[in-house]
Amino acid sequence: MAPTLNKLKKMLSLEQSHGYRDRAVIGGLKRFVAHWQEEALAAANEDRTKRQIRIVSELLRGYEHKDLESRESTVREVMRQVQSIEELEQRGSEKPSSAPSQAETAPSDRRSQGKPEPEALPQQRPAPPSPEEAQERVERATQTQRRPPETNLDLSTPVDALRGISDTYRRRLGRLGVRTVEDLLYLFPRRHDDFSALKTVNQLEYGEEVTIVGTVWEASNRRTRSGQTITTVTFSDATGTIQATWFNQPYLTRQLRRGRKIVLSGQVEKYLGRLTFQAPEWEPLDQKLLHTARLVPVYPLTKGIGARWMRRLMHRIVENWVGAVEEYLPEHIRERESLLSIKEALTQIHFPDDGDTLEEARRRLSFDEFLLIQLGVLRQRRMWQQETAHALEIDHDVLKLTIDSLPFQLTSAQDRVLNEILHDVTHERPMSRLLQGDVGSGKTVVAVTAMLMAVANEAQAALMAPTEILAEQHYRSVTNFLESLTAEVGSSETAADSPRPAADFPRPKVRLLTGSLTRSEKDAVYEEMAAGEADIVIGTHALIQEGVEFDELAFVVIDEQHRFGVSQRSALRQKGYAPHVLVMSATPIPRTLALTVYGDLDISVIDEMPPGRQMIRTRKVPPRERERAYQFVRSQIEKGRQAFVICPLVEASDKIEAKAATEEYERLQKEVFPDLELGLMHGRLKNDEKETVMAQFRAGDLDTLVSTSVVEVGIDVPNATVMVVEGADRFGLAQLHQFRGRVGRGEHRSYCLLLAQSPSANAQARLDILENTQDGFRLAEEDLKLRGPGEFFGTRQSGLPDLRAAKLSDVDILETARAEALEIFRRDADLSAPEHALLRAHVDAFWQGEGDLS
């Protein structure tokens, strides 16, 4: 093995003497290394030696493309690797010796006759690099090369076509959603660590994030009792010294050699009264600084991809590929809004010069995302409005009879919203309107009144709900409302001021269609729908399944839209219908979210509660006061009231959640309320079982209903006055507000008790807000700030493409982008103008696979 290694050392020495010009051998080192590797592998006996030989070959790969500085560092690293191989070979050749000879023992014997000498320490040889360290060096050497242009590649190039990205790394990057060069460019940092503050050691203060430039004074490893390795390195500058510590990275003692100039960045910690760094980032002073002394990007990672590897890769991609990105935003918009170019924005979002340019980059990229969203939803709205709907005539006699027959007077907000809806449905252009209102604001009565206008025009109306419980609740509410309405009209039939005979008042036939109906029951409803005999159909997604047909569908109400998948609103159009659509959201939606998720809809808001709607007293209950909460529930039941107990949210599955609810029900029944009547409700119950439980609770046969979150909406029991939410810290604000809205529907004062075992700071903030406000719209805004749009809805089905740079709290940027989108759409709705060609391509790409939002 020694002759082979000496041959390589001689060649490298010759290369050094030639000034690293790749002239040490005819044909360059590339040709020499190929033959040398084959010869060295044949001579090696140990697997680890063979691995080191391959590392040497990898380091020298592409040597001909490197600049002189990179060649010099590569040669130095290869010489260190050769030394490691020699040491491995030397150890392998050492054999355990037999008993020492007399000559060998004589000196020892002579020493033993005199004063004993201390045992000599064995000579410490530097251990060969770990596989991780060697791979790190290989990747670093590979990525610092000055590569020639990669021809025949573009932004759609798969990442494994790039040099240095193996199939293994391709799969790992795929877990981050990265498949192409463009995906890498748009994989934005999650945050930036600010290591731009450069200080000397004597200026450091506990807790701050800083950067220092120093010299390695000493580096050592020690083993703990648990088997971990602690690496301690002492750094110094002209003002003092400081220690840094790393765990399980013993190879750092070889990289951080005494006398080496290092840039160190991290948070200043304190240990035994002294300032220290714990696992800081570091880089040699003589290299381009990516990990220290700047705003350092922190990227999303996955198993097998380290932060430094990802940062180096992203720097290479930005340097080599950002120039290939074409500017798609018209110049006059960029100038008017003072936006960076796309190339500059992409560069600065990854490796910003300072905080101001980072914010400008995020502003440009956020503007782009909001603009693409707005152009997408405007296009969907235009496509929807190109259809022809059934223009309804408003039967003012029926409308007056309906409103006059209500047991209460509509609020001014309800009256305003109803007029907005009725104005829309008189046109052939299909209505697309979002109806918002807080819990108990009276949205349903407005929607049903509008549905009656379709029935009065001898057309059909439908109401879609996300769950069977909610569909059944709507069915019961609508039928009861219509029965009381026709009864009221009938009693006034002889009244002198009756606008027309009550016999002319429509008595709609209302049908319920859900997945749990029997085949024969479904078929009967299908026949009535197709024949036009069913005037109003209330159901779940079964309404839009294949084979379901209407005779003349003119008006559709979709309740709790955010619980539906993004494609279900468009399923009606795909069936050939273009009805007027009213989307009702029981959860108030912040304005920014409404303009994005529902940007294709007009928005109506019922911002006034009916008179007499009481405030629900809300209180956080610490664990130590749980028994007092139970006593309060008992006191309310003794007064003839009823209570809900909501079980903690279990994310894993409906099955596990049902089990948790069952266990809580059994505990409460046996240990807390053994003398009371308790009921159990969860999503795994059969439909008839749910209906039985709800009927018992409504009738007052059950004192307390123990339930999962299935009671979040749609349950209306006026006698229920207490809502107890176990594990309240696991729910979002909007959902907790919905739970609270299940009580306070009668004449009695109502209460909401929030039990949380050990809430996080974020969860505690949510509970504090809920305790102090009843305004659902304010709660929604706060919930969005705390949790973001995906968690706000509780599902990934918001219908939005992923937002990479934009935040839905960026109201000003959103409003600006919406105004620009409306202006673009006004002048060029098809984006067919030459100046909009690239913009149109980006809109198409942005919305690809995201479904139909119309």
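The model is predicted, so local features need pLDDT of at least 70 and side-chain atom pairs count only at pLDDT 80 or more, while totals for chains, interfaces and linings use all residues. Residues are numbered from 1 along each chain as its sequence is written, and side-chain values use heavy atoms, with hydrogens and water left out.

I will start with the salt bridges. The term means a side-chain nitrogen of Lys or Arg within 4 Å of a carboxyl oxygen of Asp or Glu. How many salt bridges does a search of the whole structure find? The search gives 33.

Helices here are DSSP runs of H or I with at least four residues, strands are runs of E with at least two, and both are numbered from the N terminus. For accessibility, buried means under 20% relative accessible area, exposed means over 50%, and partly exposed lies in between, with a 1.4 Å probe and protein chains only. The areas themselves come from the Shrake-Rupley method with a 1.4 Å probe, and for residues only the protein chains shown count as cover. Arg 336 has a relative accessible area of 47%, so Arg 336 is partly exposed. Glu 820 is buried, because its relative accessibility is 5%.

Next, Lys 509 and Glu 528. Their closest N and O atoms are 3.6 Å apart in a salt bridge. Lys 509 is in the loop between helix 17 (468-491) and strand 11 (510-513), and Glu 528 is in helix 18 (residues 519-531); the two are 19 residues apart, and the pair links distant parts of the chain. Lys 509 counts as partly exposed at 29% relative accessibility, and Glu 528 counts as buried at 14%.

Then Asp 768 and Lys 620, which form a salt bridge with closest N and O atoms 2.8 Å apart. Asp 768 lies in helix 25 (residues 761-772) and Lys 620 in strand 16 (residues 617-621), so this pair ties together parts that are 148 residues apart in sequence. Asp 768 is partly exposed at 29%, and Lys 620 is partly exposed at 23%.

There is also a network of salt bridges, which links Asp 160, Asp 167, Arg 170 and Arg 171.

While we are at helix 25, Ala 765 is placed there as well. Ala 765 is partly exposed, with a relative accessible area of 30%.

Now helix 16, residues 443-456. Is helix 16 largely enclosed or largely open? Of its 14 residues, 12 are buried, so helix 16 is largely enclosed by the rest of the structure. The buried residues include Lys 443, Thr 449, Met 451 and Met 453. The expected span is 1.5 Å times one less than the number of residues. For helix 16 that should give 20 Å, and the end C-alpha atoms are 20 Å apart, which agrees. Just after helix 16, Glu 458 takes a positive phi of about 55°.

Two other residues have positive phi. Tyr 20 has phi near 60°, and lies in the loop between helix 1 (2-17) and helix 2 (28-43). Tyr 20 is buried, at 13% relative accessibility. Ala 279 has phi near 50°, in the loop between strand 6 (274-278) and strand 7 (281-284). Ala 279 is exposed, at 52%.

Last, the surface patch. Which residues form the negative surface patch? They are Glu 344, Asp 353, Asp 354 and Asp 356. Patches are made of residues with over 30% relative accessible area and no salt bridge, and like charges are joined within 9 Å. Asp and Glu count as negative, with the charge placed at CG of Asp or CD of Glu. Asp 353 lies in the loop between helix 12 (342-350) and helix 13 (355-385), and counts as exposed at 58% relative accessibility.

Key
Patches are made of residues with over 30% relative accessible area and no salt bridge: like charges are joined within 9 Å, nonpolar side chains (Val, Leu, Ile, Met, Phe, Trp, Tyr) within 5 Å.
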